[in-house]
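The points below may be read with the sequence and the three-dimensional view side by side.

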Amino acid sequence: MKISEIVEKTGLESLNTHDDAEVEGVYVSDMASDVITGAKAGSLLVTLQTHKNFIAAANLVDAGMVVFAHGKRPDADVVELANRVGLPLFGTVDDTWTYAARLEKFRQAIGSPILRGGRQS
């Protein structure tokens with residue numbers, strides 16, 4: 001699934017410039033250590049965390065994009081770091097649960113196995 005399709009269908013606001021890459025999963029967490037141990041390369045990460053450590057963790061796992069939920073927005077230095085590593089950043093006013101539900105509804109509508117979650121408990 002292309003980033004542009006996800007942005008269009010789920011109403012995201014772009015926070016930096018980016019290429020229209022493929023996204024291959026979803027991971028929801030507010031803990032950088034959890035992202036490092038559980039997220040897969042190419043994942044869409046949903047979080048409330050807007051600090052540099054989270055960008056570093058997302059870059060380490062080669063995340064496909066980061067969505068900041070609940071109207072959270074990173075500071076300019078965080079956006080600059082994401083730009084340097086080529087990490088697309090987006091925002092939504094939805095809380096994390098609502099945005100995750102929106103993603104699932106979109107996935108079901110298109111019948112895509114691509115937007116499935118990361119680790120299964």
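1. The model is predicted. Glutamate 8 and lysine 9 form a salt bridge, with 3.9 Å between the closest N and O atoms. Glutamate 8 counts as exposed because its relative accessibility is 60%, and exposed means over 50%. Lysine 9 counts as exposed as well, because its relative accessibility is 52%.

2. The structure holds 6 salt bridges in total.

3. Which parts of the chain does the pair of glutamate 13 and arginine 73 link? Their side chains meet in a salt bridge with an N to O distance of 2.7 Å. Glutamate 13 belongs to strand E1 (residues 13-14), whereas arginine 73 sits in the loop between strand E4 (65-68) and H4; the two residues are 60 residues apart, and the pair links distant parts of the chain. Glutamate 13 counts as partly exposed because its relative accessibility is 41%, and arginine 73 counts as partly exposed at 31%.

4. A further salt bridge joins the side chains of lysine 52 and aspartate 77, at 3.5 Å from N to O. Lysine 52 is in helix H3 and aspartate 77 is in helix H4, so this pair ties together parts that lie 25 residues apart in sequence. Lysine 52 is partly exposed, its relative accessible area being 41%. Aspartate 77 is likewise partly exposed, with a value of 39%.

5. In H3, the buried residues are Phe54, Ile55, Ala57 and Ala58. Viewed down the axis of H3, these residues fall within an arc of 160 degrees, so they line one face of the helix. The face turned away from this buried side carries the exposed residues Asn53 and Leu60. In general, an α-helix has 3.6 residues a turn, so residues three or four places apart point the same way.

6. Against what do the buried residues of H3 pack? Their partners are helix H2 (32-38), strand E3 (44-47), E4, H4 and strand E5 (89-91).

7. For H4, the buried residues are Val78, Val79, Leu81 and Ala82. They cover an arc of only 160 degrees around the axis, which puts them on the same side of H4. Ala76 and Arg84 are exposed on the other side of H4. The cover over the buried residues of H4 includes H3 and E5.

8. H3 is followed by aspartate 62, which has a positive phi near 60 degrees although it is not a glycine. Aspartate 62 is found in the loop between H3 and E4. Histidine 70, in the loop between E4 and H4, also has a positive phi of about 60 degrees and is not a glycine. Histidine 70 is exposed, with a relative accessible area of 51%. H4 is followed by glycine 86, whose phi is positive and near 75 degrees.

9. The elements giving two or more residues to the lining are helix H3 (52-60) and helix H4 (76-85). Which element supplies the largest share of this lining? That share, 3 residues, comes from H4. By class, the lining comprises 8 nonpolar, 7 polar and 3 charged residues.

Key
Residues numbered from 1 in each chain as written. Predicted model: local features only at pLDDT ≥ 70, side-chain atom pairs only at ≥ 80, totals over all residues. Heavy atoms only, no water. Helix = DSSP H or I, 4+ residues; strand = E, 2+ residues; numbered from the N terminus. Nonpolar A, V, L, I, M, F, W, Y, C, P; charged D, E, K, R; others polar. Salt bridge = Lys/Arg side-chain N within 4 Å of Asp/Glu carboxyl O. Buried < 20%, exposed > 50% of the residue type's maximum accessible area, 1.4 Å probe, protein only. Arc of directions from axis to C-beta. Contact = heavy atoms within 4.5 Å.
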